[in-house]
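Here is a short briefing to read alongside the model. Please keep the structure open as you go through the points.

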Amino acid sequence: MGKNQTVKKIVIFILCIFLALLSVMPFVIMIVNSTRSTTEIQQHAVSLIPSVYFANNLKILLGKSFNPAVGFVNSLLVSVGVTALATYFSTLTAYALVVYEWKFRNAFFSFIMAIMMIPAQITMIGFYQMVYKIQMTNHLSMLILPAIASPSMVFFMRQYMKPALSLEIVQSARIDGAKEFFIFNQIALPIMKPAIATQAIFSFVSSWNNLFTPLVLLTDQKKYTLPIMISLLRGDIYKTEYGAIYMGLTLTALPLIIVYLLLSKYIIAGVALGSVKG
Amino acid sequence: MKKKGTFSYAKYGYLFSLPFLLAFLIFSLYPTLYTAVIGFTDLKGIGKTTFNFLVNDPFANFKAVLSSPTFHTAFSNTLKLWICNFVPQLGLALLLAAWFTDRRFKIPGNGAFKVLFYMPNIITAATVAILFNALFGYPMGPVNDLLTRFGILSEPFNFLVKKDIAQNIVIFIQTWMWYGYTMIILISGILGISPEIFEAAEVDGANGWQTFWMVTLPNIKTILLFTLVTSLIGGLNMFDIPKLFLLGGPDNATLTVGVFIYNQAFSGGYLYNRAAAASMIMFVIIVVVSALLFYILRDRDEAALRKIMKQQEKEHRRKMKEAK
C-alpha cells in the first residue's frame, strides 16, 4: 500500500508539472520572442534566452498605427466604470431584496434567477440598432451603463448578504435616526466589502477581456479598447513582423499576468466561493 | 406596532431595485425584443435603421437561416467544438479535483499548481487566439521549430490550412483555458461535502475509486449541473477564439454560430434581419436546453422537501394570522 501510494503520488506530480508547463510555455515563448528580432525568430522560433531587440520591436509595432496606450486608457475607463456600477448597484438591489419586505420581492428574485443565464451576445443585433439610432455607437458609456443590471452579481450579493447583514443593526440605526440610503452606504456597504472585492475582480477582468460588444459598437480608432487593438495584430500589416506581433501580445498580456500572480490567492478563493454560492 | 413599522419601509424595496430594473429594461429587455422584431423584417444594409415587416412570408429570415448550409456548418462546428472540449475538460478537472482533495495523500505544491492551471483563463481570449496563431505559424512557428528540432517532423508542416487540425487546435485552446476553472469549482464542491460521509465510506472499506464514484460524484451533482449549463451556454456563444484564431477558416472549419451571426450582421451584406433571426434561434435553443437540463438533473428529493417546507410555512403564517 505504502509503496503503491508513493508511485501514484510521483505519477500525479509529474502530470501536474507537465500541465503547469503547458500553461506557462506559450506565454514564456511569447515574452522571450518579444525581445528577439524577426530574423532570429525565423531561424529558431523557440528560445529561452532573451535577445536585445525589445526596443526595436516596440518601434516597429508602434510605427504601424498600433497605439496600445489609447486602448489601455479606454479599457481602463470601461472596466473601472463597469466594475464600480455593477458592484454598487448589485449590492443596492441585493439590499432591497434582503432588508425590505415588499409585495413583489420573491417574484423579483425569481425573475433575476431566470434572466441570469441569458448571454448578452444573443441580443446584440437589437442592442446595436438601438445604440446606432440614438447615435451613441462610439460612446464608451454604452459599454458601461448596462452594468447597472448585472443579474448574476445581484444573486451572489444576496446570497452573501443574507447571513452577513443582521437586520438588528439596520433597526438600531433607524432608531438613531439614520436615513435608509445612509444606512445602506455607511453600514451595509462596509459589511459587504469581502463580497464586493471578489466580484470586483471578476467584473473587471471580464470587462477588460470583452471583445464582442466593443467590436460591434466602436468604429472610431480613438475609442478602441485593448481587445480590439489586439485583433489588429491579426491584420495584414503585421504579416511578417513576428517580433512586433509577439511584442504587441506581450504588452497586452504581461500586465494581466503580473496582476494575476499578485492577486492569485484571492482570485482562486473567489472562483471557489462563486461556485458554492452560485 | 412592529408590523406596521416594516410595512412603511416597503417603498425603499421598490426604490432601491429601480436602477437595476430601469437598466435591465433599456439595455437588456428592449434589445431582446428589438432583436426578435428585426428577425421579421427586411432590415439590411450598412447604417440602415428603418425597416418594413415581411408581409408575404413573416418567417422568411428564419427559413433562410435554417436552410443555409453555412449556418448548418456553423451549428455543427459549434456543437462539435463544445462537446470535444467539454468532455476532456471535465474529465481532467474531475481527476485533478479528486487528487487534490484526497485525504490520504497531499500533492506537494498543489497551491501553485492551482494558480498555474487557472492562469490561461484570466488572459484576454483575443490575445490567446492570436498567440496560438503565431505558435502554429508556418514555416517557422514555435511548434514547427520544436517538432523539427526533436526530429518528430522531418520538415515544417502547415497546420493551419488543414480543417481537422484547425478544429482540434481550437478544441485544445478551449480545454486549456477552462479546465483549471472547472477544477477549482469541483474542488470547492468536494470540500463542501461533509467529511463524515468519507469517513463512513472508509470504515466500510471502500477504496479510492469506489469512494469517488459512490460518494464524491453523487454529492457534487448540483455543481456538475452548474458547470455543464454555464459551459454549454458559453460554448454555444463561442466567439473570440474562432473569430481571431483563423477568422472561421480554413474553409469554415472553425466557423461558429457566434462568428456566423457577427459576419451576417457586420460584414458583406449587413443582413441584420438574418443575424437577428439566427440570434433568436440560438436564444430559444439556450432557454430550452438549460430548462431541460435543470429539469432532468434536479434533485427530486430536495424538490419534494422544499414543497413540504413551503406548505408548512404557509400553514405557520395562516396560524399566526388567526392568532392575531
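Predicted model: local features only at pLDDT ≥ 70, side-chain atom pairs only at ≥ 80, totals over all residues.

Residues are numbered from 1 along each chain as its sequence is written, and chains are lettered from A and ligands numbered from 1 in the order in which they are written.

**The helix pair**
- Helix α4 (residues 68–99) and helix α11 (residues 193–209), both of chain A, have axes 9 Å apart and an angle of about 140° (axes are lines fitted to C-alpha atoms over the stretch in contact; angles run from 0 to 180 degrees between N-to-C directions).
- Among the contact residues are A:V82 and A:A86 of α4(A) and A:A200 and A:F204 of α11(A) (contact: C-beta atoms, placed from the backbone, within 7 Å).
- By class, this contact has seven nonpolar, eight polar and no charged residues (nonpolar: Ala, Val, Leu, Ile, Met, Phe, Trp, Tyr, Cys, Pro; charged: Asp, Glu, Lys, Arg; polar: the others, Gly among them).

**Domains of chain A**
- Domain 1 covers 26–66 + 233–278, and domain 2 covers 68–228 (bounds from an automatic or database assignment).
- Their C-alpha centres lie 30 Å apart.
- In chain A, 11 residues of domain 1 are in contact with eight of domain 2.

**Between the chains**
- Chain B gives 74 residues to the contact and chain A gives 70.
- Helix α2 (residues 10–38) of chain B gives the most to chain B's side, with 18 residues.
- That side of chain B divides into 53 nonpolar, 17 polar and four charged residues.

Technical notes
Contact = placed C-beta atoms within 7 Å. Helix = DSSP H or I, 4+ residues; strand = E, 2+ residues; numbered from the N terminus.
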